[in-house]
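Please look over the structure shown below. Then read on for a short tour of its surface, its ligand site and its salt bridges.

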Amino acid sequence: MTEAAAAEQTGDRLVQTNPDYDPDVIIETQNLTKVYRDFWGRQKVRALKALDLEVRKGEIFGLLGPNGSGKSTTIKLLLGLLFPTSGRALVFGKDSTETTKNERIGYLPEESYLYKFLTAEETLDFYGRLFDMPSDVRQQRIDSLIEKVGLTWAKRRQLKEYSKGMTRRIGLAQALINDPDLVLLDEPTSGLDPLGTREMKDMILELKSQNKTVVMCSHLLADVQDVCDRIAILYQGELKELGAVDDLLQVSDETSVRARGLPQEAHEEIAQVIRKHGGDVVAIENPRTTLEELFLNIVRESEERPGRRATSEDREQGS
Amino acid sequence: MVVETFPEIMTWLFGWQDGPGAFYIFLLLVVAACLFGLFFGYLVAAFRHGPGEAFYVVAKVVANAGPDWIRISPRRIFAIARLAAKEAVRRRVILIAFIIFAVALLFGGWFISGADNPERVYINFVMWGTQLLILMMVMLISAFSLPDDIKNRTIYTVATKPVRTSEIVLGRVLGFAALGTGLLLLMGVISLLFVWRGLSHSHEISRAENGEVVMSEVDPFTTGHRASENAVTETTTSLDSGHRHWVEIIEDVRDKDAPPPVNMDSVISQETRGEKIVYRRLNVTHEGGHTHKISYSDGGYDMSDARGFFRARVPLYADQLVFYDRQGSPRRKGISVGDQWGYRGYVSGGVTLSRAEFYFSDFTANRFDNADKLPLELTLGVFRSTMGDIYTRVRVGLQFESVPAEGDEETGNRFRSELLEFESQEFDVQVKAIPRKLPGQVFAPNGELIGSGIYDLFDDFAANGNIKLIVRCVDENQYLGMARADIYFRAADQAYWWNFTKGYMGIWLQMMIVISLGVSFSTFLSAPVTMLATICTIIFGFFSDAISKFAVPDVEGGGPIESLVRLITQKNMGQPLPDTLGTQIMERIDMVFIGMVRSVTDIVPNFSRLDFSDFLTYGYFVSNDRLLVAACITGAFCVGLVFLGYFSLKTRELAG
Ligand SMILES: Nc1ncnc2c1ncn2[C@@H]1O[C@H](COP(=O)(O)OP(=O)(O)OP(=O)(O)O)[C@@H](O)[C@H]1O
Ligand SMILES: [Mg+2]
């Protein structure tokens, strides 16, 4: 998409005045620093130290780090919920405190901070109105989103009756109500069961396929590894590592081979081939499935044949 | 209660008579608030970001304010308003307020009935209760809303939508306003029904076996109860709703060819006496602000439901009252009667020049609905110099005279009516129907008698809208006391429902200010502190009239520091202090202090101006000017407070 087209698409709401604006750079932080202060202005915590980031269009960007490393702080700064102590954060080339940028942003907070006395439908209706969506568009979006996050059966129940995972789902639906170009997810998989986690990950990948940009933060490495294109690792507010997941994780001096239906005798033969080429055999073994996959299979089985305890045979056939 | 004359809205807004009009003060305050806001904002920004960056920060906030108010979306405001209202309903505050209201009405009724003037007590009770509950309720819901949103972090999901800060503030104000309006409407209707039901009652008249009214043996001329001059005999009704009425039989003597009395229903007998017919009529006295219509038929007497409640009286007060002593020279106050000297001035009786003159203006027929009789209400004090007899009524003489307009004294004719005499009734409001056509004389400007006949009060006497009422005491050795507010004409009543509505609009306006206060303060204070600040503002607002009276530059004894010095040095208030540098500095500081107190009274809403409950309680109309002034005050404060809330929320870190 050309620059002109991008500006045109957003309409008059987000008029681009920055001459250096590159429509492919969705998020840019320059020297972004946040110091939490108390009422008297005394320094409490240096939560973020001189962060320089650039997130480009269509990327899934992961923010990684242990608890208290500044992930949520970064996201709040990007949203304008916090004001930077120094440096700046640009979103769509605009200052992060600008209200109009929110037209194209979806945000899922750490915990879903929603109004507990509303039902799922009312919640989405409320947030839809905040985007000034006309009622027919709103209704259509609400229905499809509730369907998508799998809450159709509970859409008329108040959120206070929801379980944590259900709240998370409606939180996601709320973040997507405006069909955003940029989605900021703060620990999207927390509180979700493996099925939900998988669905969430699929949803994130689906967003990517729609050429949307996703920034997510998490300390669940597996989640980040599965979906992210690039990651940044924060530790005590400082950027420690930044790069493409593939590059970062590739172990360049090892090779792995996977095969099916190979008899036990073949193992020795393969080991010989490896040795012939001067390699070290680290392990030749039958792989174990991950617990995640096991769990997912059981759930899938139970859905197909309710009322029966799933056996390993069924699973063999199922997979 | 005295309904003072009230300035017209335009005079109040743009007049320059006593100090600048309210509009100019408002403009001044707006400018002052802007300057102060910029200065204060810069200080805070400098503290946070350093003095250089602060300019940029302040400029950005100011630049953003424009679009934030222009690009407002009704749909978003509606969504926020509805959510705020929903949330408030969930807090149960409203339910509790309503239950208290219902319980109060249920039990209040028992205590009220039987009061001296039940209407006053009822109205006072419901209005006071409604006001208290509504204000408390909106204070609670508006003080907790935003702080709770911030505490629960639900504000994160709202503020990250394209919602403008202006919409967050305005939406809340409107949401609570809608909720409060609904509740106020409900309470108003229930109150009216409650008062109406509580006041509605009737009485029985005791009867002998033959169905005749049993009249008391007591000579009505000496009991002192007699309300009518021509009453010949009297009795009382049954005790209902905690009171009785006196029922009198009045002899109405008329010429043979004169029309019969208007109220023929209550005529019980008539007889011819030479050239006259004597109609005997029944009259029920006014008790506690009402009376009953009595009708007589063969079957007996029927008393109607209470009449005289639910009035929106429009008193036409004199602009000026001048007393004249026995020698006929004007006095600021009346004649001294010793002890009684005070609120009332006295005129002495007998053939002297002592009199009181009431000057009325804007005295026109359409203010009285072109009625043939003009009700004049009097509350007169009596001072007797003859001992012993306390029942004999002192006679009052009334006379009307035209008042030539300024510059017209040389050319205009003067009309003067004959003396209308009647007995005064002490300690009570007396209603006299003054006929519109009065016998009188016309005098030329030089005092020459031109003619005499029947003249019209409006067309002849008060052709220019001005009229003078002269009050004399007819009986020698007696004194009549009165003050300006004691005698007034009652112009045509206003519709009661409209007056009642106006009274509740007053509460509504107060409610709007409290909501704005709550929402605006809660953008930078926690919920309990917001409530405290709101309560303080309300209290200050109710007394701001009294406070500004003390905060005048030439108050006796000086300002706070001078008073303190006087107290310590034990100097009398009137004693001048030595003219030293110290004294001058002290006076300067006092001036600044008084100026500060004065400006505070200006920036705090004057709640007593928005409170119309006294008008309803005493049955007086609330003039449109009063309502408009109250609306202007409210509008100005709400706008100011909403902007304050906007700026403070805008510059606040929501996730901080
Ligand atoms: N409102 C606040 N006031 C003071 N300090 C804060 C505030 N919010 C966060 N902090 C501090 O800032 C640092 C970074 O916090 P942040 O919430 O960004 O961590 P995080 O990486 O999201 O952690 P987690 O994985 O636990 O969510 C922490 O030391 C935290 O204590
Ligand atoms: Mg976090």
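## A nonpolar patch

A patch is made of residues with over 30% relative accessible area and no salt bridge; like charges are joined within 9 Å, and nonpolar side chains (Val, Leu, Ile, Met, Phe, Trp, Tyr) within 5 Å. Accessible areas come from the Shrake-Rupley method with a 1.4 Å probe, and for residues only the protein chains shown count as cover. One nonpolar surface patch is formed by L95(B), I99(B), V103(B), L106(B), F107(B), W110(B) and F111(B). Together they have about 830 Å² of accessible area. L95(B) sits in helix α5 (residues 93-112) of chain B. Helices (H or I, at least four residues) and strands (E, at least two) are DSSP runs, numbered from the N terminus.

## How to read the model

This is a predicted model: local features need pLDDT of at least 70, side-chain atom pairs count only at pLDDT 80 or more, and totals for chains, interfaces and linings use all residues. Residues are numbered from 1 along each chain as its sequence is written, chains are lettered from A and ligands numbered from 1 in the order in which they are written, and side-chain values use heavy atoms, with hydrogens and water left out.

## The ligand site

Which chains surround ligand 1? Residues from chains A and B do, so the site is shared between chains. The shell has 17 residues, and the closest are N67(A), G68(A), K71(A), S72(A) and T73(A). A residue counts as near if one of its heavy atoms lies within 4 Å. By class, the shell has 5 nonpolar, 8 polar and 4 charged residues. Here Ala, Val, Leu, Ile, Met, Phe, Trp, Tyr, Cys and Pro count as nonpolar, Asp, Glu, Lys and Arg as charged, and the others, Gly among them, as polar. In chain A, β2 (43-56) and α2 (71-79) each supply at least two residues of this shell.

Now the polar contacts (pairs of N or O atoms within 3.5 Å; within protein, one must be able to donate a hydrogen and the other to accept it, and residues adjacent in sequence count only if both atoms are side-chain atoms). A polar side-chain atom of S72(A) lies 2.6 Å from an oxygen atom of ligand 1. Polar backbone atoms also take part: that of G68(A) is 2.8 Å from a ligand 1 oxygen, and that of G70(A) is 3.0 Å from one. On its own, ligand 1 has 630 Å² of accessible area, and the protein covers 71% of that.

## Salt bridges

A salt bridge is a side-chain nitrogen of Lys or Arg within 4 Å of a carboxyl oxygen of Asp or Glu. The structure holds 52 of them over all chains. In one, K49(A) meets E238(A) at 3.8 Å, N to O. This pair links strand β2 to strand β10 (residues 238-244) of chain A, 189 residues apart.

D149(B) is buried at 2%, and R172(B) is buried at 5%. Their closest N and O atoms are 2.8 Å apart.

K468(B) and E401(B) form another salt bridge, at 3.3 Å, N to O. K468(B) lies in strand β20 (residues 467-473) and E401(B) in strand β14 (residues 395-402) of chain B, so the pair ties together parts 67 residues apart in sequence. Salt bridges with shared partners join R355(B), E357(B), E401(B), R414(B), R416(B) and K468(B) into one network.

Conventions: Buried means under 20% relative accessible area, exposed over 50%, partly exposed in between (1.4 Å probe, protein chains only).
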